[in-house]
Amino acid sequence: MTTLRVIVDQVIAPVPGGIGRYAEELTRQLVAAAPAGCDVEAIVSAAPASDIDHLRRLLPGLAGLERLALPRRELALAWQGGMVGSAAQGMVHAPSVLAPLVKHNRFQEPGRQTVVTVHDTVPWTHPETLTTRGVHFHKAMVKRAFKHADAVVVPTHAVAAQLNEVHRFDERLRVIGGAPSGRLRVPVDADLRAERLGLPERYVLAVGTLEPRKGLADLIRAMAHPDAPKDVPLVIAGPDGWGDVDVVATAEQAGLAADRVKVLGRVDDPDLAVVYDRATVFVFPSLAEGFGLPVIEAMSLGTPVIHSDDPAVSEVASDAGVRVETNPREQYPQRLAQAVFQVVNDPLLASQLAIAGPDRARMFDWHDAALETWQLHADL
């Protein structure tokens with residue numbers, strides 16, 4: 001039996017974010033798509049028993065789940081220093097840069113290989129939008145990947161090009177994108193959920209972790225701009241991140257009335273599907289991304305999308321959304337406001353986007369991503 005060992009620690013991180021969703025969805029499909037004679041094991045830090053049970057429920061069909069001796073933070077420090085223990089043995093797939101990377105030779109050690117996933121190059125292109133510790137860890141692990149990884153998965157060709165400017169991975173790079181979650185479906189009790197969430201009849205939606213690089217401050221300023229529609233409030237869904245992104249304070253400073261912005265916080269998948277589905281327009285103002293999963297999620301549910309001109313997001317959205325230039329930055333909120341006004345007040349444009357979005361979203365599929373990942377390991 002050939003076993004693929006997947007690092008799933010990000011799934012149970014305090015703020016899983018897009019990488020946590022990526023790790024969960026990919027691992028679930030790796031299990032479902034396992035070739036004959038192959039299975040999947042999970043590797044996780046010294047997490048509480050409740051988290052281990054949660055992982056087993058999320059990822060049925062695992063052949064095993066190895067719980068390491070070190071908690072998450074200590075594990076990251078150990079792997080950054082090259083102290084990896086048994087986690088580096090066999091065929092390892094890391095859905096992030098958290099990976100047991102050490103010197104090895106897969107030709108002299110049949111069955112041993114390590115594949116790492118680098119989701120973006122934000123630590124190099126926009127380091128000011130991350131924590132200092134996060135930038136240091138990401139850069140250190142990518143450097144280790146350059147030395148020791150057999151292959152590196154990136155979500156877009158944009159990230160592949162950017163990463164090659166940092167380290168020449170070249171033929172070791174493989175582009176495998178994400179996809180909307182199979183659990184992101186509008187539930188039968190959508191009306192009750194919308195009422196419980198207090199969703200307005202029409203609204204502009206933003207989804208993402210509340211952190212500086214997501215561009216939410218620019219969107220809030222956009223909604224307060226004279227060019228924005230005055231009768232459509234802003235709804236923000238997503239967990240708190242870092243950087244003290246204070247929506248209420250930012251709205252107050254921008255002159256956006258309190259009744260024109262609503263913060264939902266973290267919501268589960270059924271609620272999120274309702275939030276996407278009922279939005280008048282979805283706006284993704286992020287300044288730097290590796291993929292931009294919420295764009296595809298919104299498109300999959302037929303919601304018109306406005307997005308930044310970040311290269312990776314533009315690649316993913318293709319021509320199925322309205323792209324807004326981020327530079328010059330001081331005029332970005334105004335351009336966002338004008339784009340929102342255009343989509344909200346042009347039924348023909350909104351309907352065209354509602355048709356183009358689902359077509360584009362169908363280009364991304366987790367089962368296909370899993371098959372490509374299995375093929376990558378087979379090629380190695």
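In the predicted model, seven strands form an open, parallel-paired sheet with the order E3-E2-E1-E4-E5-E6-E7. Helices (H or I, at least four residues) and strands (E, at least two) are DSSP runs, numbered from the N terminus, and two strands count as paired if DSSP finds at least two bridges between them. Strand E3 (64–67) and strand E7 (173–175) form the edges, each pairing on one side only. On average, neighbouring strands of this sheet are turned by 25° against each other, direction ignored; axes are lines fitted to C-alpha atoms, for helices over the stretch in contact, and angles run from 0 to 180 degrees between N-to-C directions. Residues are numbered from 1 along each chain as its sequence is written. Local features need pLDDT of at least 70, side-chain atom pairs count only at pLDDT 80 or more, totals for chains, interfaces and linings use all residues, and side-chain values use heavy atoms, with hydrogens and water left out.

Strand E1 (residues 2–7) runs parallel to strand E4 (residues 91–94) and is joined to E4 by three bridges; Leu-4 stands opposite Met-91 in E4. Helix H6 (residues 157–166) lies across strand E6 (151–154) and E7, at about 160° to E7.

A further open sheet comprises six strands in the order E10-E9-E8-E11-E12-E13, again with parallel pairing. Its edge strands are E10 (261–265) and E13 (322–324), and the twist averages 20° from one strand to the next. Four bridges pair E8 (residues 204–207) with E9 (residues 234–237) in the parallel sense, with Ala-206 opposite Ile-236 in E9. Helix H8 (residues 216–224) packs on this sheet in contact (heavy atoms within 4.5 Å) with E8, E9 and strand E11 (281–284), its direction making about 165° with that of E9.
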